[in-house]
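Visitor: I would like to go through this protein with you. Could you put it on the screen?

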Amino acid sequence: MRTIHWRDWLEAVAALLTVAGLILPVAILAGVSAGLWDSKDPLQDIRHVLELVSGAVSGFMLAAGIALFTLRRQSVANGKRTAEVEKSIQTLQSMIFPEVDGVLKRREVMPGWPLTLRGGRRLSLSGMSLRAFSLENLGDLERILEAGGSCRVLLIEPGSKSSAVAALNFLNHSDPSEYDRDVRQSLDRFTSLRNRYPTQMQIRLLDHVPAMSLAVVDQGLPEARTFVEFYTYESSSNARPHLELRPATSPVWYGYFTNQFEKMWQRATNY
């Protein structure tokens, strides 16, 4: 039920006064024309008419002033609301039709791994060597496993033709031995966790170079999200384009890239 505010009452009174101010002079003039004043003194009749007309005009001016004041207040309020609505529309448009530069981001503006992994329960991660992740976030990953969570990691097979291609194209290393060493060290770190959590920690190797790395966090849960890093001819991971996708806001592409990890996982071999 709509609540009647004092402004509604003010508008109603202003409207009634305005109508009365318009109708009363017309009624008086009609009455005078019809001879409703039966005074023997013509001047007395004129004085009565002038008094009534002046009162009606004064009431009309008061009502008009109140009405104009109310309309002014409303126009100011409506102007503010209009600006707020336009701002909301622009924000909504940027969400629905965002610019590409607002969607693709550099790594430094993405949430860091400690924040991403906080409270996480399921992690699926693919990368070329995962050297930085295994060095810096192994403790966070172990806490997930201790809490009953799970983790799957995918790496390019060291010593393979694919590792040589990855080292040359993305790291500008013609000799893949340094890259292979990084991969094997990451594998050793992940294996140490698998030894303690054999059913929760899984490791597989790819025999090809994927087009991107993926991090699928809490798949199947309301807080799920997928991070995508596109592999380009750029040695710095920070300079590559990244995406953050959630099922609630990007259901189509969240499902697509999440399924890409599953396809890579099925093709990979156990380590």
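Predicted model: local features only at pLDDT ≥ 70, side-chain atom pairs only at ≥ 80, totals over all residues.

Visitor: Which residues of H6 are buried?

Guide: H6 spans residues 138-146, and its buried residues are Leu138, Asp140, Leu141, Ile144 and Leu145. They lie on the same side of H6, because the arc they cover around the axis is only 160 degrees.

Visitor: Why would residues three or four places apart point the same way?

Guide: An α-helix has 3.6 residues a turn, so residues at that spacing point the same way.

Visitor: And which residues are exposed on the other side of H6?

Guide: Arg143 and Glu146 are exposed there.

Visitor: How do H6 and H8 pack?

Guide: Helix H8 covers residues 177-196, and its axis is 11 Å from that of H6, at an angle of about 20 degrees. Angles under 35 degrees count as roughly parallel, so H6 is roughly parallel to H8. The crossing of H6 past H8 is right-handed.

Visitor: Which residues meet there?

Guide: From H6 come Leu138, Leu141, Glu142 and Leu145; from H8 come Arg189, Phe190, Leu193 and Arg196.

Visitor: Staying with H8, is serine 186 buried or exposed?

Guide: Serine 186, which is in helix H8, counts as buried because its relative accessibility is 0%.

Visitor: What does its side chain contact?

Guide: The side chains of serine 124 and arginine 152 make a polar contact of 2.9 Å. Not counting residues up to four places away in sequence, serine 124 touches Arg152, Leu214, Ala215, Val216 and Phe261.

Visitor: Back to backbone angles. Which residue other than glycine has a positive phi near 60 degrees?

Guide: That is asparagine 172, in the loop between helix H7 (161-171) and H8. Asparagine 172 is exposed, with a relative accessible area of 65%. Aspartate 218 also has a positive phi, near 55 degrees, and is likewise a residue other than glycine.

Visitor: Is aspartate 218 buried or exposed?

Guide: Aspartate 218 is buried, with a relative accessible area of 2%. Its loop runs between strand E4 (212-217) and strand E5 (225-230).

Visitor: What about glutamine 266?

Guide: Glutamine 266 is in helix H9, residues 251-267, and is exposed at a relative accessible area of 60%. Glutamine 266 is 60 residues from leucine 206 in sequence, and their C-alpha atoms are 9.9 Å apart in space.

Visitor: Finally, how many helices and strands does the protein have?

Guide: The protein has nine helices and seven strands. It has 271 residues, of which 34% count as buried. Among contacts with a separation of 6 or more, 68% are between residues 24 or more positions apart.

Technical notes:
Residues numbered from 1 in each chain as written. Heavy atoms only, no water. Polar contact = N/O pair within 3.5 Å; in protein donor to acceptor, adjacent residues only side chain to side chain. Contact = heavy atoms within 4.5 Å. Buried < 20%, exposed > 50% of the residue type's maximum accessible area, 1.4 Å probe, protein only. Helix = DSSP H or I, 4+ residues; strand = E, 2+ residues; numbered from the N terminus. Arc of directions from axis to C-beta. Axes fitted to C-alpha atoms, helices over the stretch in contact; angles between N-to-C directions. Parallel < 35°, antiparallel > 145°, perpendicular 65-115°, else oblique. Left-handed = near helix turned anticlockwise from the far one by under 90°.
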